[in-house]
Amino acid sequence: MSLKPFYINDCMSWLHPGSSQRGVILCSPIGLEDLVMHRFVRRLACDIAAAGMPTLRFDYRGTGDSAGSETDPDTVQAWLTSVRRAVEWLREETGVKQVVLVGFRVGGLLAAHVAAQLGDIAALVLVGPVVSGSAYVREAKALRSLVAQSSGATTADAASADDEGRGGLNVAGFQLSRATLKDLEHLDLRMLTRSPAPRIFLLGRSSSPADRRLGEYLRTLGAEVSVGILPGFASMQWNSSLAVLPRDAFAELVRWLKVDAPPGRARFTRTAANRLLSSEWREEPVQFGPDSRLFAVHCTPRHSVPRSTLLIVNHGLNRHIGWARTYVTLARRLAAQGVATLRMDIAGVGDSATAPGRPEQQLYARESVADIKAALDWLHQHGCKEITLLGHSAGAHLSFHAAVADKRVTGLALINLSRFVSDPMEPSDYGKRPTFRSTGWYWSKMVSLDVWRRLASGRVHAISIAETIAGRLLRRAGLRLMSILGRESGAEVSHTQIITQFRRLSERGTKVLLLYSIGDEALDELALYCGRGGRRLANLRNVHLQTIDDTDHNLTSRRSRELYFAILERHIGLGRHIPSIPQRPAAAARLSASAY
Amino acid sequence: MDMRDISSQIRRIVVEYGRLAIASEELTDHADLYAAGMTSHAGVNVLVALESELDLEFPDSMLRRGVFGSIASIRAAIEKLIQAPMATDIAGCERGISSLSRPGVH
């Protein structure tokens with residue numbers, strides 16, 4: 001893997017090399033869209049670079065692996081400055097004669113405003129254009145409202161209530177402060193008084209009148225405007241795991257970008273910083289494993305030798321920053337307390353390359369356990385001896401099996417472990433479908449008049465839920481039968497094997513934390529293999545189970561995240577007390593963010 | 001604005017952006033779109049497409065799940081917008097239907 005990330009103005013940046021004198025900068029979307037669309041941004045960067053144009057992508061300040069937080073003051077200005085610095089860096093460090101900006105969603109809005117200010121951007125591409133900051137905020141508000149009012153059995157956003165009181169907006173844990181909302185409203189492509197670039201490509205979700213009107217307006221400013229359609233954009237925007245890569249649309253875009261690119265060779269001096277420093281921690285991108293294809297960020301205490309290390313595995317298909325940037329926040333918080341972290345991407349997810357012959361974005365694959373082993377190798381080579389492995393959902397599945405297989409793991413934290421055993425008979429997109437609540441949760445809700453009302457109106461997906469529960473009962477019956485018959489078939493593993501693996505961890509002295517959201521379907525998996533409430537694990541030393549109520553699968557709300565961090569810190573030997581954080585009203589908190 | 005035309009446009013947009021699990025011919029005006037498979041995210045895409053194609057803006061007070069629950073409820077919301085063209089006529093409205101009062105509405 002030839003790419004080596006670095007920091008421009010404290011922003012994590014990746015340069016995909018190319019030899020052309022035309023350089024391209026990709027400006028990501030923000031928030032949930034950034035998490036979901038990262039896969040496509042990365043892929044497009046590879047495609048553009050493969051066509052010869054050096055391509056830079058980066059995380060804005062306060063997002064991704066960059067410095068700062070989305071709640072810092074002047075966030076929108078910081079995003080605009082990040083784009084400006086990227087343009088300056090690409091010109092100065094590669095010597096390209098022309099710079100093209102490609103902005104996804106709000107990234108396009110930011111790119112257009114910077115381009116209009118600079119006046120020397122060769123071309124601009126708006127992917128899924130956001131006409132104005134106000135339009136974006138309205139979409140975010142609508143999503144929050146629709147999600148929050150959906151059935152507690154499917155998708156909802158717990159965090160919204162956290163920020164409402166302060167006049168901000170919170171969608172899926174991504175916070176927009178009141179000031180950020182206000183500043184966003186000042187960005188409007190229809191208010192530009194000069195064209196951001198002589199050539200503009202609008203790659204929209206459809207041939208919508210809004211995009212047409214935007215194109216007409218930009219033409220009145222003197223731009224040559226081309227329009228394309230990105231098939232399946234809605235899936236790209238909300239669910240990258242189910243979206244198909246728009247190869248044809250990207251190929252058309254790359255051809256457009258290449259038109260009249262000036263000949264000559266760009267140089268690569270690569271003088272940017274390779275680490276990020278704060279007063280309490282330092283971060284460094286790390287590449288390891290076969291062909292250095294695996295990627296992680298190593299966060300260490302700034303002024304002390306780490307007392308231990310937390311190795312963090314992807315939460316589902318979310319890149320290493322975690323759902324709602326949880327792992328960045330956690331890493332920096334732990335480093336301030338003397339604990340190092342390595343937040344990694346398994347192969348084919350986030351910024352780790354796909355292994356040859358393996359599909360992209362694969363969950364529950366045995367090969368991914370080898371990726372974790374490669375991370376353990378790297379940590380050992382760098383002197384880390386006390387290592388706790390942290391995984392959430394599918395990441396917990398991989399972490400469990402990696403810990404069982406590797407004695408170097410001295411601690412284990414499994415959050416809403418979705419599956420103890422991967423079953424090759426299950427569809428390959430298992431784990432990419434919406435998650436459901438636990439069977440117990442549904443039974444408890446059967447006494448609720450409101451649920452019967454919603455069933456009658458069809459607002460609860462009765463058939464899907466019934467199928468899910470029936471499937472669970474069948475699996476439970478099958479496992480019982482296997483244990484009675486004393487044999488196993490195929491890849492199925494009996495509960496005795498899982499208990500044996502826990503016992504092995506316990507006897508080895510590996511401290512295990514099992515943390516669950518009350519009502520999450522992961523509790524059914526626990527009941528299936530370890531007895532209801534994990535009763536078969538009760539006598540094992542070093543194995544602890546805790547639950548958090550009033551939260552979703554992803555632990556999105558600020559309250560549940562604080563509890564999660566506190567429980568984890570106690571597990572790894574930091575802090576002694578779990579803070580007492582009051583519950584919010586239940587109506588505001590019934591959440592499961594799994595369908596994102 | 002002809003409501004018959006609008007009804008057919010709503011239907012077309014719902015079918016195109018709602019990602020429903022049922023065939024369009026089975027979709028009645030009162031069918032529950034969420035029960036028919038429309039996710040919250042698809043609901044936002046329906047909203048954006050409605051605003052774009054009908055050149056209107058739903059006020060914040062209308063950004064509710066129920067408003068986008070069926071073709072009939074969407075139509076009722078749009079009728080309400082047309083009958084109350086001033087933002088102040090709609091309780092809780094922050095920006096109102098500014099675009100409806102602009103020339104060139106279609």
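Predicted model: local features only at pLDDT ≥ 70, side-chain atom pairs only at ≥ 80, totals over all residues.
Chain A splits into two domains, and each is built from two stretches of sequence: domain 1 covers 6–131 + 193–258, and domain 2 covers 281–435 + 495–588. Between the C-alpha centres of these two domains of chain A the distance is 33 Å. The domains do touch: seven residues of domain 1 of chain A are in contact with 10 residues of domain 2 of chain A. On the domain 1 side, the residues that touch domain 2 of chain A are two nonpolar, three polar and two charged.

Chain A also holds an open sheet of nine strands with mixed pairing, in the order 11-12-13-15-14-16-17-18-19. Strand 11 (276–277) and strand 19 (543–548) of chain A each have a single partner strand, so each has one side without a neighbour in the sheet. For strand 11 of chain A, two bridges make the link to strand 12 (residues 281–288) of chain A, and the two run antiparallel. Here Leu276(A) lies opposite Glu283(A) of strand 12 of chain A. Helix 10 (residues 326–335) of chain A packs on this sheet, where it touches strand 12, strand 13 (294–301), strand 14 (308–312) and strand 15 (339–345) of chain A. The direction of helix 10 makes about 160° with that of strand 15 of chain A.

Technical notes: Residues numbered from 1 in each chain as written. Chains lettered and ligands numbered in written order. Domains from an automatic or database assignment. Contact = placed C-beta atoms within 7 Å. Nonpolar A, V, L, I, M, F, W, Y, C, P; charged D, E, K, R; others polar. Pairing = 2+ DSSP bridges. Helix = DSSP H or I, 4+ residues; strand = E, 2+ residues; numbered from the N terminus. Axes fitted to C-alpha atoms, helices over the stretch in contact; angles between N-to-C directions.
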